[in-house]
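The entries follow the order in which I looked things up.

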Amino acid sequence: MVTYSALEADSPSLVMIMTIAHSGSEGLSQKSFEEKINNDTLIVPRLKDALSEKLAYLNGNKYILTPKGRIIARMFITYRRIIKREEKGG
Amino acid sequence: MTYLHAFSSIIALSVNVLAQVYYCRFISNKHLLKSLFFGFFCGVLGFSIVEIYYMLQSQLPILQNISSVVINMASYSALGYCYFHFVNLGETARRIRMISELKTANSGLSAQQILERYNAREIIEKRLGRLLKSNQVIYRNGRYYIGKPFMLVASKIIVFLKLFILGKKSEFEE
């Protein structure tokens with residue numbers, strides 16, 4: 001699967017909002033943000049998913065796209081080019 | 001004529017996509033959500049034209065016509081919803097961004113190289129920017145606070161649904 005149900009994976013915005021909410025009236029500093037929400041919580045799980053869903057495979061320590069991953073990536077890159085969204089998504 | 005009616009939701013979706021792409025290319029590519037609303041509305045117009053034309057030509061009883069319009073409109077709305085999520089995936093999905101980065105690097109990337117191109121800091125900056133812009137989060141004296149409650153309420157509902165359906169509040173809980 002390329003997509004998730006909204007419930008399956010934690011949305012970064014949801015995690016951020018809940019983290020700020022839990023800090024209560026004291027608020028949350030930028031440093032605390034980075035301590036609580038980092039690559040281990042936002043990126044690494046999605047990299048593992050890319051492998052388990054066969055969008056990519058590991059060759060040594062390098063992630064390489066499978067044909068399926070290549071087709072999906074091309075589809076989104078082409079679409080974004082058509083609508084002239086030069087800024088990368090994500 | 002019957003075929004036109006049968007495919008009215010597909011025709012409307014095509015109008016939706018073309019109008020949304022037109023909006024982004026020739027009006028503004030900065031307001032993606034607006035372009036999606038514009039596209040959907042144009043699709044509804046296309047849908048209405050097809051359905052009204054069909055009704056005027058059709059010999060069927062009015063109730064039967066109305067019921068088929070309702071079904072076709074529901075189909076179009078569902079297709080429009082799927083298109084919205086396709087666009088949204090390209091805009092916000094982390095995995096799509098990662099595989100896009102991998103696609104541009106022909107010989108593949110290590111985890112470290114991926115993190116150099118796309119990382120938690122960028123994700124936080126982008127989303128925090130949106131939350132601050134919409135006043136869902138406010139920044140005061142170097143700290144972040146909850147502003148308007150909409151996103152907080154939505155987040156709490158999602159957490160409740162996670163707990164109810166999946167039995168856990170977060171993907172990181174065992």
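In which helix of chain B does Leu36(B) lie? I found Leu36(B) in helix α3 of chain B, residues 32-57, where helices (H or I, at least four residues) and strands (E, at least two) are DSSP runs numbered from the N terminus.

**Entry 1: conventions.** I noted that residues are numbered from 1 along each chain as its sequence is written, and that chains are lettered from A and ligands numbered from 1 in the order in which they are written. The model is predicted, so I kept in mind that local features need pLDDT of at least 70 and that side-chain atom pairs count only at pLDDT 80 or more, while totals for chains, interfaces and linings use all residues.

**Entry 2: Leu36(B).** Leaving aside residues up to four places away in sequence, I listed Gln20(B), Phe84(B) and Val87(B) as what Leu36(B) touches, a contact being two residues whose C-beta atoms, placed from the backbone, lie within 7 Å. I also looked up Gly129(B), which is 93 residues from Leu36(B) along the chain, and the two C-alpha atoms are separated by 21 Å.

**Entry 3: domains.** For chain A the assignment gives domain 1 (9-42) and domain 2 (54-90), bounds that come from an automatic or database domain assignment, and their C-alpha centres lie 28 Å apart. For chain B it gives domain 1 (2-92) and domain 2 (134-174), with 33 Å between the centres taken over C-alpha atoms.

**Entry 4: the contact between the chains.** I read off 53 residues from chain A and 50 residues from chain B. On the side of chain A that touches chain B, α5(A) gives the largest share, 10 residues. That side divides into 30 nonpolar, 12 polar and 11 charged residues, where Ala, Val, Leu, Ile, Met, Phe, Trp, Tyr, Cys and Pro count as nonpolar, Asp, Glu, Lys and Arg as charged, and the others, Gly among them, as polar.

Entry 5: I traced an open sheet of 3 strands in the order β2(A)-β3(A)-β1(B), with antiparallel pairing, two strands being paired if DSSP finds at least two bridges between them. β2 of chain A and β1 of chain B stand at the edges with a single partner strand each, so one side of each is left without a neighbour in the sheet. Helix α5 of chain B, residues 94-104, packs on this sheet and touches β2 and β3 of chain A together with β1 of chain B, its direction making about 90° with that of β3(A); the axes are lines fitted to C-alpha atoms, for helices over the stretch in contact, and angles run from 0 to 180 degrees between N-to-C directions. Between β3(A) and β1(B), residues 109-110, I found 2 bridges, with Lys62(A) opposite Ser110(B) and Tyr63(A) opposite Leu109(B). I then checked α5(B) itself, which is mostly covered, with 8 of its 11 residues buried, including Arg94(B), Met98(B) and Leu102(B).

Entry 6: I found an open sheet of 3 strands in the order β1(A)-β3(B)-β2(B), with antiparallel pairing. β1(A) and β3(B) pair over 2 bridges, and Ser29(A) has Arg143(B) as its bridge partner. α1(A) packs on this sheet, its direction making about 95° with that of β3(B). Between β2(B) and β3(B) I found 4 bridges, and in their hairpin, with 2 residues between the strands, Asn141(B) takes a positive phi near 50°.

**Entry 7: cores.** Which residues touch the most other members of the largest nonpolar core? Of its 36 residues they are Met16(A), Ile20(A), Ala56(A), Met98(B), Ile99(B) and Leu102(B), a core being a set of buried Ala, Val, Leu, Ile, Met, Phe, Trp, Tyr and Cys residues joined through C-beta atoms within 7 Å. α1(A) gives the most to this core, with 6 residues. A second, separate core of 10 residues includes Ala12(B), Leu13(B), Tyr23(B) and Val50(B).

Key:
Buried ≥ 20, exposed ≤ 12 C-beta atoms within 10 Å, placed from the backbone.
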